Amino acid sequence: MKTPKYWQTNNLASFLLSPVGFIYGGLTSLRMLLHKGFKAPVPVICIGNLTAGGVGKTPVCIALAEFLKAQGKNPFFISRGYGGKLSGVLVNLKSHTPQEVGDEPLMLAAIAPTVVCHDRGKAAQIALKNGADILIMDDGFQNPTLHKDISFLVFNGQIGIGNGKIIPAGPMREDLKSGLKRADGVIFIGQDKFNLLKHIDKPVFHVDIKEEQPKHQNMKVIAFAGIGYPQKFYESLQKCGLSLANSYDFPDHHFYTKDELNALIKKGKKKNLPIYTTLKDFVKIPHRMQKDFNVLNIKAQFENPHKIFDFFKERHVI
């Protein structure tokens with residue numbers, strides 16, 4: 001889905017939908033309260049958020065896995081595999097497609113072994129059988145099927161929490177106060193544009209998103225993205241010195257048809273401009289067509305690695 005514009009402000013639509021949001025939030029809380037998940041014999045770290053749409057969880061998961069591998073751990077990712085048809089599988093980069101396992105698991109599997117399963121508890125058991133000594137949940141803060149030893153909430157300072165109302169009145173999956181109560185820490189991306197940090201009384205770990213310099217410098221480009229907040233991607237392109245001739249938004253986790261991709265290629269050739277997209281979108285493009293597209297690679301980096309090291313050390317994770 002595309003993020004509705006009315007989620008960003010208090011308006012008539014959000015007011016009228018607030019009662020439905022209240023029910024949605026109540027059901028989420030009840031589900032968390034009533035369901036006891038599988039307790040794994042190894043640490044489980046959840047990287048979650050309180051809003052619908054992308055805030056940068058997957059890059060944070062990748063940064064965390066790389067950090068843990070540097071400490072000698074053997075982390076496995078656990079993912080729902082949103083949009084994929086398969087469940088209960090260890091992702092194989094050579095044979096699995098985005099349509100089978102989803103887009104984000106293919107990105108994660110390039111860094112560490114990744115299990116896709118709708119039931120996170122079953123995913124944990126598959127990972128354990130394959131040698132995991134620590135589990136990283138990409139999303140799943142509101143999923144009760146696996147006990148979490150440490151839960152982080154990711155906030156993006158450039159995006160905020162919109163109008164603060166619960167789906168469908170706003171972008172929140174649950175109330176800010178109740179979500180923070182269950183979290184052990186907060187991972188904060190970028191500058192605090194919306195003054196969110198004043199509401200947070202948990203340990204905060206700051207992360208920067210660094211863009212790799214694209215091969216096209218000081219040029220106009222065509223860009224497209226199927227992520228929760230495509231504007232975030234377009235701003236990253238501009239930050240790297242590229243200007244947008246045209247941009248095209250698709251729903252989050254969108255699977256591109258050949259007609260859609262060919263239409264984009266045709267636009268690029270007609271204007272003699274390169275086409276840029278995100279890695280999450282690029283992995284869904286057929287291999288034979290990937291040569292016509294460029295990726296803006298990004299990398300999440302902890303501002304103070306020693307702080308996150310001490311946090312895990314105190315909790316006997318490393």
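Analyst: A charge sits over a ring if NZ of Lys or CZ of Arg is within 6 Å of the ring centre and within 35 degrees of the ring normal. With that in hand, welcome! This is a predicted model, in which local features need pLDDT of at least 70 and side-chain atom pairs pLDDT 80 or more, while totals for chains, interfaces and linings use all residues. Residues are numbered from 1 along each chain as its sequence is written, and side-chain values use heavy atoms, with hydrogens and water left out.

User: What makes the charged end of Arg 315 count as sitting over the ring of Phe 311?

Analyst: The charged end of Arg 315 is 3.7 Å from the centre of that ring, and the limit is 6 Å.

User: How many aromatic pairs does the whole structure have?

Analyst: The search finds 11. One of them joins Phe 67 and Phe 312, whose centres are 6.2 Å apart with 40° between the planes. Rings of Phe, Tyr and Trp (its six-membered ring) pair if their centres lie within 6.5 Å, with planes under 30 degrees apart called stacked, over 60 edge-to-face and the rest tilted, so this pair is tilted. The two partners come from distant parts of the chain: Phe 67 belongs to helix α2 (residues 57-70) and Phe 312 to helix α10 (residues 305-314), 245 residues apart. Helices (H or I, at least four residues) and strands (E, at least two) are DSSP runs, numbered from the N terminus.

User: Why are Phe 67 and Phe 312 called buried?

Analyst: Buried means under 20% relative accessible area, exposed over 50%, and partly exposed in between (1.4 Å probe, protein chains only). Phe 67 has 12% and Phe 312 has 0%, so both count as buried.

User: Is Leu 93 buried or exposed, or in between?

Analyst: Leu 93 is partly exposed, because its 46% falls between the limits of 20% and 50%. Its place is the loop between β3 (89-90) and α3 (98-101). Beyond residues up to four places away in sequence, Leu 93 touches Leu 106, Ala 109 and Ala 110; contact means heavy atoms within 4.5 Å.

User: And why is His 96 called buried?

Analyst: His 96 sits in the loop between β3 and α3, yet its relative accessible area is 18%, so it falls under the 20% limit. Setting aside neighbours within four places, His 96 contacts Leu 86, Val 89, Leu 90, Val 91, Val 101 and Leu 106.

User: How many disulfides are there?

Analyst: The count is zero. For Cys 61, the nearest cysteine sulfur is that of Cys 46, 8.2 Å away, whereas a disulfide needs two cysteine sulfur atoms within 2.5 Å. Cys 61 is buried at 0% relative accessible area, and Cys 240 is buried at 8%.

User: Which residues have the most contacts inside the largest nonpolar core?

Analyst: They are Leu 50, Leu 135, Leu 153, Phe 155, Leu 176, Leu 180 and Val 186, in a core of 30 residues. Elements that give two or more residues include β1 (44-48), β6 (150-156) and β7 (185-189), and α5 gives the most, with three. Another core, of 29 residues, lies apart and has Ile 62, Ile 134, Ile 187 and Phe 205 among its members. A nonpolar core is a set of buried Ala, Val, Leu, Ile, Met, Phe, Trp, Tyr and Cys residues joined through side-chain atoms within 4.5 Å.

User: What is the order of the strands in the open sheet?

Analyst: Nine strands run β3-β4-β2-β5-β1-β6-β7-β8-β13, with mixed pairing. β3 and β13 (298-302) each have a single partner strand, so they stand at the edges.

User: How do you know that β1 and β6 pair?

Analyst: They share four bridges in the parallel sense, and pairing asks for at least two bridges found by DSSP. Ser 151 in β6 is the bridge partner of Cys 46.
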